[in-house]
Structures are given as structure tokens and as C-alpha cells.
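Let's walk through this one together, starting with a detail and then stepping back to take in the whole chain. Have your viewer open and follow along.

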Amino acid sequence: MEEVVLANTPAIAGVVILAVVILFTVIVLRLKKSQSIMSDQWRQKNRYLDKELQKANKQLLEVRSVVVGLGQKASEQQDLIQHLSERISELEQVDGDGRLYARASKMVQLGADVNELIEECELPKAEAELMLSLQKKIAGKEKVPPLSSDSETNHVSMAKKSRRKF
């Protein structure tokens, strides 16, 4: 029996080696198939990520163009605001006299006299007197002289006389 086992040992070893080789080949084929499936999955994932990256780049370009446009608009608005601020400053300086005259007019309405106008509003005497006179005429306390002068009245009356002759 020992002789049979010893005689069959190379055959048993060959079968064992063959089984190991077949098992190894099956494992290698399964690993290769698994690796192929994983490789396909990675390629699909890579394609998807490439598409997402392209979308993100397009969106980034759109955002950049919008930001550039907004920057230009902001710059234009800043220039406009600066221009308007300068214009307001100019108008405030020009209207300084207007405020004095408005204040003087209000003071006259409240009963101020020439000396108060001269002191408070820093008006020359002639302007203070003119303000008082105008306010009295507006209030109806003084009679307003006619707008036409004597030469205009004579000219109009001569024109009427010459029309009557014809």
C-alpha cells in the first residue's frame, strides 16, 4: 500500500498542482474582471466629473463677465455720484445768497426793520430798504406804480390818435 501511494505521489502532486493552477487562474480571472469593472466605473465617474468641471467653468466665466459688468456700472455710478456731489457743492455755494434773501424776506414778514436786516443778513442798506419796500407792496400796504414810463404812454397815445385819422 505504501508502494501504491508512493507510485501515485507524482500523480497526486500533479493533480494538486493542476488544481492550484486552476484555482489561481480562476482567482486571477475574477480579479481581472473585478478590476475591469472598477476601471469602467472610474472612467464613468471621471467623465461625469469632467462634465461637471466644464459646467462649473462655464458658470465661472458667466459670473466673471457679470462681475466685470457690475464693476463698470459701479464705476459709472461712482463717477456720477462724484459729479453730483460737486454740483451740489457748487449749488450750495451759489445759493448762499438766496438763503440770506429768503431769511431777510421772512424777517421782514415778521416785522424786522432796515437795521435788523443789515445786521442779521449782512445786506447793504439799499438792499434792505428794497426788501422792506417789496414786502410792503406785496402785502398791499404800498401802491405799485404802473409798469409803463411817460415816453411809452406818449407813444401809445400818439399811435391811437394816428389811427383815428385814418
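By about how many helical turns are arginine 87 and glutamate 90 separated in helix H1? They are 3 residues apart, so about one helical turn separates them. An α-helix has 3.6 residues a turn, so residues three or four places apart point the same way. The side chains of arginine 87 and glutamate 90 meet in a salt bridge, at 3.3 Å from N to O. A salt bridge here is a side-chain nitrogen of Lys or Arg within 4 Å of a carboxyl oxygen of Asp or Glu.

Before going further, a word on what you're looking at. This is a predicted model, where local features need pLDDT of at least 70 and side-chain atom pairs count only at pLDDT 80 or more, while totals for chains, interfaces and linings use all residues. Residues are numbered from 1 along each chain as its sequence is written, and side-chain values use heavy atoms, with hydrogens and water left out.

Now the overall picture. The protein chain has 5 helices and 0 strands, giving the pattern α-α-α-α-α along the sequence. Helices and strands are DSSP runs (H or I, at least four residues, for a helix; E, at least two, for a strand), numbered from the N terminus. Of the 166 residues, 8% are buried; that means under 20% relative accessible area, with exposed being over 50% and partly exposed in between (1.4 Å probe, protein chains only). If you take contacts (heavy atoms within 4.5 Å) between residues at least 6 apart in sequence, 20% join residues at least 24 apart. The accessible surface comes to about 15000 Å², and carbon and sulfur atoms account for 61% of it. Accessible areas come from the Shrake-Rupley method with a 1.4 Å probe, and for residues only the protein chains shown count as cover.

Back to H1, which covers residues 2–94 and includes isoleucine 12. UniProt, in an unreviewed entry, places a "transmembrane region" at residues 12–31; such annotations may be inferred rather than shown by experiment. Over residues 12–31 the chain is 100% helix, and the end C-alpha atoms are 28 Å apart. On the surface, Ile12, Val16 and Val20 form a nonpolar patch with about 260 Å² of accessible area together. Patches are made of residues with over 30% relative accessible area and no salt bridge, with nonpolar side chains (Val, Leu, Ile, Met, Phe, Trp, Tyr) joined within 5 Å and like charges within 9 Å.

The whole structure holds 4 salt bridges. One of them pairs aspartate 40 with arginine 43, at 2.7 Å from N to O, and these two are also 3 residues apart in H1, about one helical turn. Another joins glutamate 52 to lysine 55, with the closest N and O atoms 3.6 Å apart; again, both lie in H1, 3 residues apart. As for accessibility, aspartate 40 is partly exposed at 35%, and so is arginine 43 at 43%. Glutamate 52 is partly exposed at 32%, as is lysine 55 at 49%.

Finally, look at helix H3, residues 114–121, whose buried residues are Val114, Leu117 and Cys121. Seen down the axis of H3, these fall within an arc of 70 degrees, so they line one face of the helix. The arc is that of the directions from the helix axis to the C-beta atoms. On the other side of H3, Asn115 and Glu119 are exposed.
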